[in-house]
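The report below describes the structure shown here, taking a hairpin, a helix pair and a domain division in turn.

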Amino acid sequence: MKIRNNTLALDNTDLKILEALQEDARQTYTAIGKRLGIAHSTVYDRIKRMEQHGIIKKYTTMIDAEKTGAKNITAIMTIYTDPKESEKVAEKLCAAPQVLEVYTSLSEELQIIAKVIAENQESLHTFIANSIAPLHGVLRIRTSIITKKFKETQLSIANDPKKLTLIKETTQIKEEKIK
Amino acid sequence: MNIENAAKILRTVPREKAFYFFTSIGNYTGESATSLKEFMEKINSVNIKSLEFHLCRGDFEKWINEVLEDKKLAEEISKLKKASLTGDELRHQLYVLAWRRYQQLTSEF
């Protein structure tokens, strides 16, 4: 772990700590240290520094909405917008509690892609008709209601190809030295 | 019908109270109407799927009754729903109803 231009450069140990936390953020410093073969105080120091530098943004809980009994529907909206108004449209979408994620995408036209939840199809339609369609700059909307979820995960150190390569290469080098 | 009532029905409503044309749940065509005149014009140009979608759901009569506050036209459109029309026949009948009502209201001035 090095600080360059006030930015924290992560080394292999930091990445492995992050990977361990992404698997289970509630495990103890001792458990992580034991797993990585380092002292728990090292784990503590590194986690604190990554928190201070905003690399670790927060610890949260992933909830299986279906098991809570909630019968919400999820939909992906593609909102075609006037490029001059797209920022404002995106900001207003972000303010709506029904909207979970908001992205912009540039293909042939400027699009905003948003993930939205609603109690049922009727409340989804009412929300879009009353709150999204009237926004200045909205040209048209395509909505796909999700019928089955095959995968949902957060960006992980473990599934980032570059970081994964780095970890593998470093591990191989160490193994060769031991031999 | 007095002039005041006719003017009220013929007024242009704010953007947030406009009628927004969808073809199905959440699929907005980009077309909207803020007055009876504009609504009548859009009937002629909007995707036919949109007319079928909204007529079936009762959205036209609801907007005309609650926003434009024209009970008479709302009732006539409600009757049209029972006729189970589709395609160009639906577009034509809907346009005729809106056009007749528009002519009737503008003749008050």
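In chain B, S1(B) and S2(B) form a hairpin with two residues between them, and B:Gly26 in the turn has a positive phi of about 80°. This is a predicted model, in which local features need pLDDT of at least 70 and side-chain atom pairs count only at pLDDT 80 or more, while totals for chains, interfaces and linings use all residues. Residues are numbered from 1 along each chain as its sequence is written, and chains are lettered from A and ligands numbered from 1 in the order in which they are written.

The two strands (DSSP runs of E, at least two residues, numbered from the N terminus, with helices being runs of H or I of at least four) pair in the antiparallel sense over four bridges, pairing being assigned where DSSP finds at least two bridges. Within this pairing, B:Phe19 stands opposite B:Ala33 in S2(B).

| Element of chain B | Residues |
|---|---|
| Strand S1 | residues 19-24 |
| Strand S2 | residues 27-33 |
| Helix H5 | residues 71-82 |
| Helix H6 | residues 87-106 |

The axes of H5(B) and H6(B), which are lines fitted to C-alpha atoms over the stretch in contact, with angles from 0 to 180 degrees between N-to-C directions, come within 11 Å and cross at roughly 165°. H5(B) is therefore roughly antiparallel to H6(B), a term that applies to angles over 145 degrees.

Turning to chain A, an automatic or database domain assignment divides the chain into domain 1 (1-62) and domain 2 (65-145), and 35 Å separate the centres of these domains, taken over C-alpha atoms.

How values were computed. Parallel < 35°, antiparallel > 145°, perpendicular 65-115°, else oblique.
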